[in-house]
Amino acid sequence: MTPELVLQQALNGISFGALLFVLAAGLSLIFGMMDVVNLAHGAFYMLGAYLALSVVRITGSFWLALLVVPLLLAAIGLVVEPLLLRRLRGRHLDQVLVTIGLSLVIVDFIRLRDDWGWGGEVRSLAVPPGLDHSIAIAGSDYPLYRLFVIGFGIVLALTLTVIHRRTRLGALIRAGVGDAEMLSALGVDTDRLFARTFAAGAALAGMAGVIAAPVFGLQPGMDVDALIFSLIVVVVGGLGSLGGAAAGSAVVGPANTFGTVLVPQFALALIFAIMALVLLFRPTGLLGRVRIGR
Amino acid sequence: MSRGLLGWVAAVAAWIVIATFPQWSREWESSRYATGIIRDILVFAIFAGSLDLLVGRAGLPSLGHAAFFGGGAYAAAIVGQRLGTNELLIGLGAAALVAGLLALFIGLLAVRATGIFFLMLTLALAQMVYALAFQATDLTGGSNGFAGVRRPAFFGVDLGPAEALYLLVAVVFALMTLLLWRVTRSPYGRALAGLRENERRMRALGYDTRTLKLSVFVLAGAIAGIAGALSAYAFRFVSPNDVALGTSVTGLVMVLIGGAGTLLGPLLGAAAVLFIERVLSSSVGFSQTVLGIVFILFVVFARQGLAGLLRNVAAKVRS
């Protein structure tokens, strides 16, 4: 590989990692607080992408979609959590199972909405104007939108860190992740906190869907890909912490990109090999606090 | 007659009724269609039964069981093609062997975890098998699937015709159900139940729980592989979807709707799910939505599944 190509692929890898961070942060947040692996996370991501498609079609604005779609997903999360998960509090496995049913419903809904221009065919979302050209980096052209994704991921990571460390909400989340029962005993309304956490996680999944749509397009099966990748990221990085999601994304994003270029047949095997090594030698993930294996 | 004997007689009678369905339904207009659906229900009941060995008996919620179903399907199809043989036992043997080996590899990593983490790991690792099946185009046919699976034959007796194949599926279903029944009644099955109830205590009692989990994972994988081989023979086709997450989800949905940890549950669950996916879907377009909602309702309100509901009704009637 020429140095230009290496740089280009490195940027691709980092931008994929940034996207994975947005995706995995939501999954990790929900797990950290509620001990639930939300298997509808991929479906939320997919729904986010398709909602963005409709918002852009109606208003013509990608930026409006980036603002509105996470709010819509948050609203769905605020309804779903009390309706389905709250009554199963303490039955973590059943909560996970319910999210499987939820994802079946969401994916089928998307498949059936031909009248909204969704349906089972491959769709694409245009790169927003202003970001739809390439700029020269070290002598070769590079699509500006992918740089935007990198920037977006970094800004989001910083924002989430500040919220986590400096705000009252962040303090509640940290306390809830540490010991939700004790937090409840101290008089905090954990039901509300859980609903909001779930909504925030759904919003992040939707946000990832919007950001990813111009790069990867929209098609059936994208929910599964997103779910698998976010699970791998949290296993590698560590479940239930922002740092874990960041570390996992930073490893998996570039590894997948370079794997695809260098050993296309074994790209996925490479990712799984990394996951296996982490599980064997660091069962908590790189920066995690929860032991996944023993 | 004692209750145990009565149960045996009822089970054998029910099996005979099911196994002879193509014969006594021959006059019906939709006999062939119904035969095909019942055949698939039995195939998936084997698959769901093997998954229930993990989920219901040993308390290991796997979401990667399709890897072994599809792995077995590909193994039977490919071995038949490469060796140019129709022999059923070679096909089923290859399926059980390959699926068991896949389960060994995935299990080595996955049994380190329990509960939700076990589910996460089996899901992610099984997806690797899917990716392999998808990429190894010259072996599996890639995204086009593997067409032209050879007709199975049992020591020269052709099992290709629909009625012979149906009988084969019914016989294998009976054998696998017997096997699962024997396993769950054995001391080994008791140890699995102990694993489900309290793994730490089992370790304290001196059980090597990791080996126990790995062994049941391999056994369940091999049985799922046999179900996959039957599916390959039935459709004369193996699709990458057989290895995909969707099939794992279907299996888990069958186990939970039918009733985890019961012998009848997988059959009831397979029947309910295939009814929704095949029969209902021809009249309503949103069968997956129905399936998702039914699944949620069972998890939330009827965790004991159809088998548990039936048992409750039976207990009410008796008292």
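Helices here are DSSP runs of H or I with at least four residues, strands are E runs of at least two, and both are numbered from the N terminus. I went through a predicted model, where local features need pLDDT of at least 70, side-chain atom pairs count only at pLDDT 80 or more, and totals for chains, interfaces and linings use all residues. Residues are numbered from 1 along each chain as its sequence is written, while chains are lettered from A and ligands numbered from 1 in the order in which they are written.

**Chain A, overall**

I began with the order of elements: along the sequence chain A reads α-α-α-α-β-β-α-α-α-α-α-α. That is 10 helices and 2 strands. Next I looked up the radius of gyration, taken over C-alpha atoms, and the globule rule, 2.2 Å times the number of residues to the power 0.38. Chain A has a radius of 19 Å, close to the 19 Å the rule gives for 294 residues, so it is as compact as a globular protein of that length. I noted a C-alpha trace spanning about 60 × 50 × 35 Å along the principal axes of chain A.

For burial I used C-beta atoms placed from the backbone: a residue is buried with 20 or more others within 10 Å of its own, exposed with 12 or fewer, and partly exposed in between. In chain A, 51% of the 294 residues are buried. Two residues are in contact if their C-beta atoms, placed from the backbone, lie within 7 Å. Of the contacts in chain A between residues at least 6 apart in sequence, 74% join residues at least 24 apart.

**The hairpin**

Strands pair if DSSP finds at least two bridges between them. I found S1(A), residues 134-137, running antiparallel to S2(A), residues 140-143, over 4 bridges. Ala136(A) has Asp141(A) in S2(A) as its bridge partner. There are 2 residues between the strands, and Ala138(A) in this hairpin has a positive phi near 50 degrees.

**Leu160(A)**

I picked this residue in helix H5 (residues 144-166) of chain A. Leu160(A) is buried because 20 other C-beta atoms lie within 10 Å. Leaving out residues up to four places away in sequence, Leu160(A) touches Ala25(A) and Leu242(A).

**H6(A) against H7(A)**

My axes are lines fitted to C-alpha atoms, for helices over the stretch in contact, with angles from 0 to 180 degrees between N-to-C directions. H6(A), residues 168-185, packs on H7(A), residues 190-216, at about 145 degrees with the axes 11 Å apart. From H6(A) the contact includes Leu172(A) and Gly176(A), and from H7(A) it includes Leu193(A). I sorted residues by class: Ala, Val, Leu, Ile, Met, Phe, Trp, Tyr, Cys and Pro are nonpolar, Asp, Glu, Lys and Arg charged, and the others, Gly among them, polar. This contact has 5 nonpolar, 4 polar and no charged residues.

**Chain B**

I then checked where the chains meet: 31 residues of chain B and 34 residues of chain A take part. On the side of chain B, H6(B) gives the most, with 12 residues. That side divides into 22 nonpolar, 7 polar and 2 charged residues.

Last, I looked at two positive phi values in chain B. Phe155(B) is not a glycine, yet has phi of about 45 degrees. Phe155(B) sits in the loop between S2 (153-154) and S3 (157-158) of chain B, and counts as exposed because it has 7 C-beta neighbours inside 10 Å. Arg236(B) has phi near 55 degrees, and is partly exposed with 15 other C-beta atoms within 10 Å.
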